[in-house]
Each structure stands twice: as C-alpha cells, then as structure tokens.
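Me: I would like to learn how to read a protein structure, one feature at a time. Could you take me through it?

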Amino acid sequence: VQGLGPRQQVTLRTSLRDETGELFQASAHYQAGDDGELDLARCPALPGGSFSGLEPMGLLWALQPQKPFWRLVKRDVQSPFLLQLEVFEGHGERPGRLLAQAQHERAFLRDGVRRVPVREGRIRATLFLPP
C-alpha cells in the first residue's frame, strides 16, 4: 500500500467467496513505515487481527469462514479465486473509513498446464503437466 501518512495505522481485510458462495475473511492491523508505505514483507501485523507478526501471506492463510465449521476447498482448479482487498483507516473493532480497495485473481494453474485424469484400479487422480 502506497500513499499513506508516515506511520499511519491501517487495517487490511481480505474477502473471498468460495465456489458455493460462502464468505471467508481475514484482517490484520498494520502501521505504515516512515515513508507512508506498507510492505507486508517488511511490516509485521500488529496484535488484534486474524494474526500477528511478519506474515506476508497471512491475509490468505488466515481466511476464516463466516459460516461455522466451513472449509475453504477449491474444487475447480481451472478457475481462479477472486480476492477482495480493502484498506481501512485505523485499528478498531469496526473498520474506519475505506481508503483503498482492489481485486486480485488467485490462479491455481498457469497457462499451458495440461490436466490428465488418472484412473488405475481404485486410484483416481489428476496429473498436471507443465507446458
């Protein structure tokens, strides 16, 4: 995140809907650097969100379902997940003013990967071959 104030406190939230439409979310509290930039590889998440510490991929692995006991499972690996990213002002139980938002496609297969179903006796699998 760029364009923040020096040492500005913000909350980042990620959201995605699985293939059945169930909502998963994670959030983390951060403080921008002296230059007003927030780089998740350099700035640790502060206590109070879904995780804390230096976890650049935390907003993905910490995604939790809104429906109890639901699991995030990708059934169709040929279609990407659409991840919503939001930056809110401040830290708190309720998000502050929305400062920025973006969407990110999280692909599972790169172009040219070939999918080969495997059926041998009782074995059922899929082999993915690179281009």
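This is a predicted model: local features need pLDDT of at least 70, side-chain atom pairs count only at pLDDT 80 or more; totals for chains, interfaces and linings use all residues.

Me: Is Ser-15 buried or exposed?

Reply: Buried means under 20% relative accessible area, exposed over 50%, and partly exposed in between (1.4 Å probe, protein chains only). Ser-15 has 7% relative accessibility, so it counts as buried.

Me: Which side chain does the side chain of Ser-15 join in a polar contact?

Reply: A polar contact is a pair of N or O atoms within 3.5 Å; within protein, one must be able to donate a hydrogen and the other to accept it, and residues adjacent in sequence count only if both atoms are side-chain atoms. Here, the side chains of Ser-15 and Gln-25 are joined by a polar contact of 3.0 Å. For contacts in general, the rule is heavy atoms within 4.5 Å. Not counting residues up to four places away in sequence, Ser-15 touches several residues, including Leu-23, Phe-24 and Leu-82.

Me: And where is Thr-11 placed?

Reply: Thr-11 is in strand β1, which covers residues 9-17. With a relative accessible area of 9%, Thr-11 is buried. Its side chain makes a polar contact with the side chain of His-29, at 3.0 Å. Leaving aside neighbours within four places in sequence, Thr-11 is in contact with, among them, Ser-27, Val-87 and His-91.

Me: How many helices and strands does the secondary structure of the protein chain come to?

Reply: The count is 1 helix and 7 strands. From the N terminus on, the elements run β-β-α-β-β-β-β-β.

Me: How many aromatic pairs does the structure hold?

Reply: A pair of aromatic rings is described by the distance of the centres and the angle of the planes. Rings of Phe, Tyr and Trp (its six-membered ring) pair if their centres lie within 6.5 Å; planes under 30 degrees apart count as stacked, over 60 as edge-to-face and the rest as tilted. The structure holds 2 such pairs. In one of them, the rings of Phe-51 and Trp-61 have centres 5.5 Å apart and planes at 45°, so the pair is tilted. This pair links distant parts of the chain, 10 residues apart: Phe-51 is in the loop between β2 (23-31) and α1 (58-61), and Trp-61 is in helix α1. Phe-51 counts as buried, at 6% relative accessibility.

Phe-81 and Phe-108 form an edge-to-face pair, 5.7 Å centre to centre with 70° between the planes. Phe-81 is in strand β4 (residues 81-89), and Phe-108 is in the loop between β5 (98-106) and β6 (114-120), 27 residues apart. Phe-81 counts as buried at 6% relative accessibility, whereas Phe-108 counts as partly exposed at 40%.

Me: Which charged end sits over the ring of Phe-81?

Reply: A charge sits over a ring if NZ of Lys or CZ of Arg is within 6 Å of the ring centre and within 35 degrees of the ring normal. Here the charged end belongs to Lys-74, 4.6 Å from the centre of the Phe-81 ring.

Me: Which residues touch the most other members of the largest nonpolar core?

Reply: In soluble globular proteins, nonpolar side chains tend to be buried together. A nonpolar core is a set of buried Ala, Val, Leu, Ile, Met, Phe, Trp, Tyr and Cys residues joined through side-chain atoms within 4.5 Å. The largest one has 20 residues, of which Val-10, Leu-12, Tyr-30, Leu-38, Phe-51 and Leu-59 touch the most other members. β1, β2 and β4 each supply at least two residues of this core, and the largest share, 4 residues, comes from β2.

Me: What is the phi of Phe-69?

Reply: Most residues other than glycine have a negative phi. Phe-69 has a positive phi near 65°. Phe-69 lies in the loop between β3 (64-65) and β4, and is exposed, with a relative accessible area of 85%.

Definitions and conventions:
Residues are numbered from 1 along each chain as its sequence is written. Side-chain values use heavy atoms; hydrogens and water are left out.
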